[in-house]
Amino acid sequence: MFLKPTADSTIQPSGVPKPVMAVAETDELSAVLPDEFLPEMDDGKAVDGEIDPIEGMSVEVHPDVALVERAKGGDTAAFEKLVRQYDRQVFRIAQHITQNREDAEDVVQDAFFKAYQKLDQFQGNSKFYTWLVRIAVNESLMRLRKRKTGRTVSIDEDVETDEGSMPRDLADWSPNPEQLYGKSELAEILRKTVQGLPPGFRTVFVLRDVEGLSTEETASSLGLSIPAVKSRLLRARLQLRERLSRYFRKKNGEGVA
Amino acid sequence: MTCSEFMAKLDDCLDHKLDAELRADVDEHLRGCEHCLITMNTTKKTIEIYRSNEIYELPDSLRVRLEASIMARCRKC
C-alpha cells in the first residue's frame, strides 16, 4: 500500500468525553465536538477579517465580534445578521455530512438556535464562524447517527481502506471536464460522487476544501488531530478523483493535435 | 524522489506548502513520472470543481423560511 495512515489520535483539549458515532458497517467515522477550539482561518472564504495571532502586535477585531456582543445583549437583529451571513455555509456543510435535505434544514435551524443559546460560551478570541461550524458539524453527525444503524465507531479508530491510497485509474482527464456535462448534470455527478465517500472523509473534505477552513480549524472542529485530518483529506481527495475519472477521462483521440 | 514519497507530499503540494527544496524535488519527479503528474493534476482539478460548483445551494424561499423560524425561536428564549 502506498500510504500508511499517520497517527490518528484526537485532540481533546477540555477533557470532554469523546463522542462516538454509530455508522453503517462499511462506513468509518470520525468526528466529535470538543468544547474548545483553536481556530485560525487561513483561507478566509467565509469571513473577511484577519486576526493577528502574534502577541504584542495590534489585533484587528473581526467584524462578527461586535455583532456577537450585541446579540449577547439581546439584540436579535444583530444575531439575524450573523444568521444571514452564514446560513448558506451551514446548510452546505449539513448537506454534505447528512446527505439528506430535511436533516440539513433541521441542522441549520438547530445549529443557529443552539449558537444563540450558548453565545455566552463563545470566546471572543476565536472566530464565530468556526465556533458555529463546530456546532453545525455536531448537529449533522447526530442526525446522521439517527438515520444510520450499525456498529459504533470511535473517532480514534483508524480508517482502514485501500481505496484512494493507490491511484489506479491513470487516464488523464479532458482539458475542460466540466464542459462535458450540463450544469445540472455536473452537479448531480458531483453530489453522487461525494455521497459515496465515508462520512468521516466527506466531513473533512467539505470543511477543508469546500468551505476553506484551515487544517487546524478543521481538526479543531472535528476533534481530530492534525495528522488525522491530513490523512483523511488526502484519502478523500484521491477517492473523489478516482471516482470522477470515469466521467472526466479523456476520450480516445481527444487532445491529440 | 519515489512515487510513494511524492504521494506522501501530494497534499502539501496541492496546498502550496512545500519549501523550495522539496518543490524542486517534486518538480524533478513529475518531469519523469506521468503517473504522478496525472494524479496531481486531476486531484487538483477535483478540488477546483468542487469549489467552483455549488452542489447544495440553499434556495431563497427555503432560506427565508429557515431564517424566520430561527429568529422566532431566538426571540422566544
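In the pattern used below, helices (H or I, at least four residues) and strands (E, at least two) are DSSP runs, numbered from the N terminus. The model under study is predicted.

**Exercise 1. State which pattern of helices and strands chain A follows along its sequence.**

Step 1. Chain A contains eight helices and two strands.
Step 2. Taken in sequence order, these elements of chain A give β-α-α-α-α-β-α-α-α-α.
Step 3. Of the contacts in chain A with a separation of 6 or more, 75% join residues 24 or more positions apart.
Step 4. Of the 257 residues in chain A, 46% are buried.

**Exercise 2. Locate A:Glu69 and decide whether A:Glu69 is buried, exposed or partly exposed.**

Step 1. A:Glu69 belongs to helix α1 of chain A, which covers residues 63-72.
Step 2. A residue is buried with 20 or more other C-beta atoms within 10 Å of its own, and exposed with 12 or fewer.
Step 3. A:Glu69 has 15 C-beta neighbours inside 10 Å and therefore counts as partly exposed.
Step 4. A C-alpha to C-alpha distance of 9.4 Å separates A:Glu69 from A:Phe79, ten residues apart from it in sequence.

**Exercise 3. Describe how helices α2(A) and α3(A) are packed.**

Step 1. Two packed helices are described by the angle between their axes and the distance between the axes.
Step 2. For α2 (residues 76-98) and α3 (residues 101-117) of chain A, the axes come within 8 Å and cross at roughly 135°.
Step 3. Angles over 145 degrees count as roughly antiparallel, and 65 to 115 as roughly perpendicular; α2(A) and α3(A) are therefore oblique to each other.
Step 4. The crossing of α2(A) past α3(A) is right-handed.
Step 5. Among the residues of α2(A) that meet α3(A) are A:Phe79, A:Val83 and A:Phe91, while α3(A) contributes residues including A:Val107, A:Phe112 and A:Tyr116.
Step 6. This contact of α2(A) with α3(A) comprises eleven nonpolar, two polar and two charged residues.

**Exercise 4. Compare the span of helix α3 of chain B with the expected value.**

Step 1. Helix α3(B), residues 20-32, has 13 residues, and 18 Å is expected at 1.5 Å a residue.
Step 2. From first to last C-alpha, α3(B) reaches 19 Å, close to that expectation.
Step 3. One of the 13 residues of α3(B) is buried, and the helix is hardly covered.

How values were computed
Residues numbered from 1 in each chain as written. Chains lettered and ligands numbered in written order. Predicted model: local features only at pLDDT ≥ 70, side-chain atom pairs only at ≥ 80, totals over all residues. Axes fitted to C-alpha atoms, helices over the stretch in contact; angles between N-to-C directions. Parallel < 35°, antiparallel > 145°, perpendicular 65-115°, else oblique. Left-handed = near helix turned anticlockwise from the far one by under 90°. Contact = placed C-beta atoms within 7 Å. Nonpolar A, V, L, I, M, F, W, Y, C, P; charged D, E, K, R; others polar. Expected span 1.5 Å × (residues − 1).
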